[in-house]
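Subject: Structure handover

Hello,

Here is the structure I promised to pass on. Please open it first, then read my notes below.

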Amino acid sequence: MAAITRLVKRTTSFYPLARGFSSSSYSHASPRENRNIQWVFLGCPGVGKGTYASRLCNLLGVPHIATGDLVRHELSSNGPLSSQLSEIVNQGQLVSDEIIMSLLSKRLAEGQAKGESGFILDGFPRTIKQAEILEGVTDIDLVVNLKIREEALLAKCLGRRTCSQCGGNFNVASINIKGENGCPGISMDPLLPPEHCMSKLITRSDDTEPVVKERLRIYNELSQPVEGFYRSRGKLMEFELPGGIPESWPKLLHALNLDDEEKQSAAA
Ligand SMILES: [Zn+2]
């Protein structure tokens, strides 16, 4: 009973979401009345998409379904696709749309059988073809496209450090870029390691400017058609990150009209 009350409360609280958007074309943003949200998170590597998706999932009580996790889970479970998958991964090839889709369908069906409602998809769809297949399988209410200014992303990636002894992840970049030409400013504090890790920090060999830029170029090439696909359906919400988690999280909640959800969960 408590679950039903929660769901109804949540559903009603989502209706202002559709109104909150400036364009009436976002009318699909709110979920159907008998289920929780079904959202997709898009964003380039390094933007922190997984972190924001996972925080929102905790807040809203929906599963965070990340494609990378599905692949790893299948590989470790000796499932029907695992030998095919390990061959693909070992050869460094991309996992095909069909395999990703069947892993996702299986995950959604398992969730439904366990009584799960709603989800946030992270890392999927990656191509128009995947988006089209997804459309045939389930309804997507909203696609959140997380963006960050390239110079900030670059600084963030180049500032990443790992402690070679304890494995801790840190970031030495201190970002403070002023807003210009309608572009908001962005500031991000460094995440400095404790004193004893300081001398043991290492940089990942692929965190170099050319590699990060190339990763970004490939991502944009793949992602722009997918963004266009959802934009034309009135489902794409662009969100420009104003900084790290402390600056961005409240603004993201506000953009999604979830300020009240956060307060309720903090009070509970
Ligand atoms: Zn350490």
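Let me start with strand β3, residues 119-122. Phe119 and Leu121 point one way from β3, while Ile120 and Asp122 point the other way. All four are buried. Keep in mind that this is a predicted model.

β3 has two partners to look at. Strand β1 (residues 38-43) pairs with β3 in the parallel sense, over four bridges. Val40 has Leu121 as its bridge partner in β3. β2 also pairs with β3 in the parallel sense, here over three bridges. Ala66 has Asp122 as its bridge partner in β3.

Next, Val62. It sits in the loop between α2 (49-60) and β2 (64-66). Is Val62 buried or exposed? Val62 is buried, because it has 23 C-beta neighbours inside 10 Å, and the cut-off for buried is 20 or more. Setting aside neighbours within four places in sequence, Val62 is in contact with Asn36, Ile37, Cys57, Gly118, Phe119 and Ile120. Two of these, Phe119 and Ile120, belong to β3. Gln38 is 24 residues from Val62 in sequence, and the two are 8.8 Å apart in space, C-alpha to C-alpha.

Now move along to helix α7, residues 150-158. Its buried residues include Ala152, Leu153, Lys156 and Cys157. Seen down the axis of α7, the buried residues fall within an arc of 130°, so they line one face of the helix. The general rule behind such a pattern is that an α-helix has 3.6 residues a turn, so residues three or four places apart point the same way. What covers the buried residues of α7? Among the elements that do so are β5 (160-163), β6 (169-171), β7 (175-177), β8 (186-188) and α8 (209-231).

Two of those strands, β5 and β6, also belong to an open sheet of three strands. The order is β6-β5-β9, and the pairing is antiparallel. β6 and β9 (201-202) stand at the edges with a single partner strand each, so one side of each has no neighbour in the sheet. β5 and β9 are joined by two bridges. Cys163 has Leu201 as its bridge partner in β9.

Finally, the whole chain. The protein chain has 268 residues, and 25% of them count as buried. Its secondary structure comes to ten helices and ten strands. Of the contacts with a separation of 6 or more, 69% are between residues 24 or more positions apart.

Best wishes

Definitions and conventions. Residues are numbered from 1 along each chain as its sequence is written. This is a predicted model: local features need pLDDT of at least 70, side-chain atom pairs count only at pLDDT 80 or more; totals for chains, interfaces and linings use all residues. A residue is buried if 20 or more other C-beta atoms lie within 10 Å of its own, exposed if 12 or fewer, and partly exposed in between; C-beta atoms are placed from the backbone. Two residues are in contact if their C-beta atoms, placed from the backbone, lie within 7 Å. Two strands pair if DSSP finds at least two bridges between them. The arc is that of the directions from the helix axis to the C-beta atoms.
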